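Let's take a walk through this structure together, starting with the overall layout and then moving inside. Keep the model open as you read.

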Amino acid sequence: MGDAHRAGLTVISHENWQAFSPLLRNASISADVAARIRAGESIDADALHAAEAIRQRFTAQVDAQLAKTPLLALATLPELPPTLEEAKDPLSVVNLTRLVRPFNLSGHPALTLPMGELQGRPGGAPAGYRQRAGGPADPGRRMAG
């Protein structure tokens, strides 16, 4: 899933650059948002091609697993969610998406269910389950919950 996470970051960074780079002329864009938009400027065709190959492999792996079972239950976050203070630096929490972003990349629908509270923070296992039923090519199936 690490490769799929990195490929997802590549694709979303490139898409953000294409969609939102004109906003950088606006002085009201915060520095952290501007930095995230600019991150996609240097992504070239080779990087996008490599990310697409990873997308195809990961999608095939998930589809193969779903052929065996209609639902995958996985952790949403690899650790407890950050406090508001810890989340002030958005680049420091990018790693929190490493279990979620691969499914954004593959296009498989997913649902997160909170699992209570641990150490005064939402989560507990460590932060929920991702559930998925059906695939992007199977719109008749619904999320199980």
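This is a predicted model: local features need pLDDT of at least 70, side-chain atom pairs count only at pLDDT 80 or more; totals for chains, interfaces and linings use all residues.

Residues are numbered from 1 along each chain as its sequence is written, and side-chain values use heavy atoms, with hydrogens and water left out.

Start with the fold. The protein chain has four helices and five strands, where helices (H or I, at least four residues) and strands (E, at least two) are DSSP runs numbered from the N terminus. Of the 145 residues, 30% are buried; here buried means under 20% relative accessible area, exposed over 50%, and partly exposed in between, with a 1.4 Å probe and protein chains only. The chain exposes about 8800 Å², with carbon and sulfur atoms supplying 56% of that (areas come from the Shrake-Rupley method with a 1.4 Å probe, and for residues only the protein chains shown count as cover). Among contacts (heavy atoms within 4.5 Å) with a separation of 6 or more, 65% link residues 24 or more positions apart.

Now look inside. In soluble globular proteins, nonpolar side chains tend to be buried together. The largest nonpolar core here has eleven residues: Ala-4, Ala-7, Val-11, Ala-51, Ile-54, Phe-58, Val-62, Leu-66, Leu-72, Phe-103 and Leu-105. Such a core is a set of buried Ala, Val, Leu, Ile, Met, Phe, Trp, Tyr and Cys residues joined through side-chain atoms within 4.5 Å. H1, H3 and H4 are the elements that give two or more residues to this core, and H3 gives the most, with five.

How many aromatic pairs are there? The count is one, taking rings of Phe, Tyr and Trp (its six-membered ring) with centres within 6.5 Å, and calling planes under 30 degrees apart stacked, over 60 edge-to-face and the rest tilted. Phe-58 and Phe-103 make an edge-to-face pair, 5.5 Å centre to centre with 75 degrees between the planes. Phe-58 sits in H3 (residues 45-68) and Phe-103 in H4 (residues 101-106), so the pair ties together parts that are 45 residues apart in sequence. Both of these Phe residues are buried.

On to the helices themselves. The 19 residues of H1 should span 27 Å at 1.5 Å a residue, and the end C-alpha atoms are 26 Å apart, which agrees; the expected span is 1.5 Å times one less than the number of residues. The buried residues of H1 pack against H3 and H4. Ala-51, one of the buried residues of H3, touches Ala-7, Thr-10 and Val-11 once neighbours within four places in sequence are set aside.

Finally, two single residues. Ser-13 lies in H1 (residues 2-20) and is buried, with a relative accessible area of 16%. Leaving out neighbours within four places in sequence, Ser-13 contacts Ala-39, Gly-40 and Ile-43. Thr-112, in strand E2 (residues 111-113), is partly exposed, with a relative accessible area of 37%.
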